[in-house]
Amino acid sequence: MDTPGTIFIVENDRKTRDLVSAFLKYQGYDIAHTTQTSHIFDTIREKHIGIVIADLKFLAGIAPNFIEQAKKINPLLVLIGYNSNAHIGSTNENNIFLMSKPLNLDELESLVMRAREFQTMKHQDTSAAPRLPHRLNASIIGKSTRMVTLFELIEKVAESSATVLIQGESGTGKELAARAIHQLSSRSDKHFVPINCAAIPEDLIESELFGHVKGSFTGAYANRVGRFEMADKGTLFLDEIGDMKANLQVKLLRVLQSKEFEPVGSTKSQKVDVRIIAASNKKLEALVESQDFREDLFYRLSVIPITIPPLRERRDDIPLLIESFLSRFNSEKRHAVTGFSRETLDILCDYEWPGNVRELENLVERLVILKDSGLIAPSDLPEKYLARKVQVQVQTPALTAGSEFPETGICLNSALEEFENRLILQALERTGGNKKEAALLLNLKRTTLIEKLKKKNLAFGRENETP
């Protein structure tokens, strides 16, 4: 069976069909075609066709009502041979793309790429079902007071169509919160369209947002639908809005006020019904104060402000997040990591997490890949996560002979090793990290101390050691 998203070519001219097929195969696409024109719709259904590239003139002869029938199956249509005199019914649809002849392969590739974008969004929108309590997206995980408050706010916000501004550090999950708002809203059956304002070059972002008409600038081989039009009746997520340039801020403000826009190169305005959710890892209030962000746009965007807390302010959620990531990556990588030791969890809960949830997710994936199976121990962690552990240890008094013996007993080897580790770390603390002087305090050779540090995977912050 062909994979979902296969491109189906409907063209009676063999040379054109072979040319298009060979070109798209070279670009990495899966291609299907048929000479049995009477069974076109059966083929589309059976092969799970995602995109149909069809010659309009050929279609007119074999299936005059092709578009109406295709809508029932809902593939994306790229129609070749369009001209102003061609009658093809209603094309005011996001899933219909038109191009003229003679065939331009670059233009065709551009249209196919745009169609695949629609296909991906459509799949995400229909397949992502909220599974957590309060009907929230399963990717948003937390039980801390801060997160419970956030979940309640998201549910309330979703009921309205007001513009939302989500602020928080990088990696906190701003897009996940935006998707949750969309999924809980009355627009959930329409597209959620994200765009990162910082990731797109300045000279292209206007076209990405508003689209363009063919010939409006060099390289504009065909009309292009912008993100606003893609998100019609749905939600547009403007990520990293704080990086948007001043001239585009003015145009965005106009769209928010008038609910209409003009594609690049066009003089005709288009009405649009879009809910805007913006996000920034920068403090927009500070950007307004420095005049790097328009004050009027800021107030338009922050009708409902939401702040996502950094991970260091909700440490209670770290074990829950680790458990979720571990389960997912074990399944994806087909590994059998059984969990994290108590000591390892303590170390990770004590870490500051400058990269927030994204950093934690990346760490768990890395550990699952490298560990393959068994329990994650402190020795499996990268050195930077152990630095905080070392700082805490050097402040802990060494074991003394008068220490009370635990009722449950102890592991003698582990206790002796811990005692030795603390003595080594205290010696390094006393000497400011100088291994030569620390070895003298411990009555050891310097090389012996270094070997112990390597074997025990001990590190002492910033060392001040002379050769």
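How many residues does H10 have, and how far does H10 reach from its first C-alpha to its last? Helix H10 has 13 residues and reaches 19 Å, close to the 18 Å expected at 1.5 Å a residue. That expected span is 1.5 Å times one less than the number of residues in the helix. The model behind these values is predicted, with local features needing pLDDT of at least 70 and side-chain atom pairs counting only at pLDDT 80 or more, while totals for chains, interfaces and linings use all residues. Residues are numbered from 1 along each chain as its sequence is written, and side-chain values use heavy atoms, leaving out hydrogens and water.

Overall, the protein comes out with 19 helices and 14 strands. These elements are DSSP runs numbered from the N terminus, with helices being H or I runs of at least four residues and strands being E runs of at least two. Of its 467 residues, 45% count as buried; buried means under 20% relative accessible area, exposed means over 50%, and partly exposed is what lies in between, using a 1.4 Å probe and protein chains only. Among contacts (heavy atoms within 4.5 Å) between residues at least 6 apart in sequence, 70% join residues at least 24 apart.

Back to H10. Its buried residues are Leu248, Gln249, Leu252, Leu253, Val255 and Leu256. Seen down the axis of H10, they fall within an arc of 160 degrees, so they line one face of the helix; the arc is that of the directions from the helix axis to the C-beta atoms. This set packs against H8, H9, E8, E9, E11 and H12. Glutamine 249 sits in H10 and is buried, at a relative accessible area of 1%. Setting aside residues up to four places away in sequence, glutamine 249 touches Met244, Asp292, Phe293, Arg294 and Leu297.

The largest nonpolar core holds 33 residues, and Leu209, Phe228, Leu236, Leu238, Ile241 and Phe293 touch the most other members. Such a core is a set of buried Ala, Val, Leu, Ile, Met, Phe, Trp, Tyr and Cys residues joined through side-chain atoms within 4.5 Å. Elements giving two or more residues to this core include strand E7 (192–196), helix H8 (202–210), helix H9 (227–230) and helix H12 (295–301). H10 gives the most, with five residues. Leaving out neighbours within four places in sequence, phenylalanine 293 is in contact with Ile241, Gly242, Gln249, Leu284, Leu287, Val288, Phe298 and Leu301. There is also a second, separate core of 26 residues, with Leu345, Cys349, Trp353 and Val368 among them.

On to the rings: the structure holds eight aromatic pairs. Rings of Phe, Tyr and Trp (its six-membered ring) pair if their centres lie within 6.5 Å, with planes under 30 degrees apart called stacked, over 60 edge-to-face and the rest tilted. Phenylalanine 210 and phenylalanine 261 have ring centres 6.0 Å apart and planes at 25 degrees, so this pair is stacked. The pair links distant parts of the chain, with phenylalanine 210 in helix H8 and phenylalanine 261 in strand E9 (residues 260–261), 51 residues apart. Phenylalanine 210 is buried at a relative accessible area of 3%, and phenylalanine 261 is buried at 2%. Tyrosine 351 and tyrosine 385 have ring centres 4.6 Å apart and planes at 55 degrees, so that pair is tilted. Tyrosine 351 is in the loop between H14 and H15 and tyrosine 385 is in helix H16 (residues 383–394), so the pair ties together parts 34 residues apart in sequence. Phe210, Phe228 and Phe261 form one aromatic cluster.

Helix H13 (residues 318–333) has 16 residues that should span 22 Å at 1.5 Å a residue, and its end C-alpha atoms are 22 Å apart, which agrees. Ile318, Leu321, Ile322, Phe325, Leu326, Phe329 and Asn330 are buried in H13. These buried residues fall within an arc of 155 degrees seen down the axis, so they line one face of H13. On the other side of H13, Glu323 and Ser331 are exposed. The cover over the buried residues of H13 includes strand E13 (336–340), helix H14 (342–350) and helix H15 (356–371).
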